[in-house]
Amino acid sequence: MGGQPARWQSLLERGLAEELVNRRDQLRPQFENRLSHLDQCLEKLPSEQRGIVEAYYFRRQSIDAIAAETRRSVESVYKTLQRIRLMLRQCIEQAEQTGESFA
């Protein structure tokens, strides 16, 4: 473990920090655009599905708690979240392909 600080120092001396900052700055517009698309795609979800997403990702509720709250089985909640993630990914990709801008 004694070699870890020296290894990081070597990477920093070779310009890793600057490279990471530059890469972050290059990716920021794409990332912000995808977040805008995600917000818009979330708005398109039916209220029940949006509620499950909000419970799981924003309120950090457990799958068990969501299942009890929605009177679904745990398996059903998992499958629903899987379908929602797929729909959101497709919605974002479609918006990017068509050049749709939500900003």
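**Close-up views of a predicted model**

**View 1. A disulfide joins Cys41 to Cys91, with an S to S distance of 2.0 Å.** A disulfide is a pair of cysteine sulfur atoms within 2.5 Å, and the structure holds 1 such link. The pair connects distant parts of the chain, 50 residues apart: Cys41 belongs to helix 2 (residues 16-44) and Cys91 to helix 5 (residues 74-98). Helices (H or I, at least four residues) are DSSP runs, numbered from the N terminus. The link of Cys41 and Cys91 is left-handed, with -85° about the S-S bond.

This is a predicted model, in which local features need pLDDT of at least 70, side-chain atom pairs count only at pLDDT 80 or more, and totals for chains, interfaces and linings use all residues. Residues are numbered from 1 along each chain as its sequence is written, and side-chain values use heavy atoms, with hydrogens and water left out.

View 2. Buried means under 20% relative accessible area, exposed over 50%, and partly exposed in between (1.4 Å probe, protein chains only).

**View 3. Arg60 has a positive phi, near 55°, in a residue other than glycine.** Arg60 is found in the loop between helix 3 (47-58) and helix 4 (63-70). Its relative accessibility is 65%, so Arg60 counts as exposed.

**View 4. Arg71 is not a glycine, yet its phi is positive, at about 55°.** The loop between helix 4 and helix 5 contains Arg71. Arg71 is exposed because its relative accessible area is 80%.

Terms used
Helices (H or I, at least four residues) and strands (E, at least two) are DSSP runs, numbered from the N terminus.
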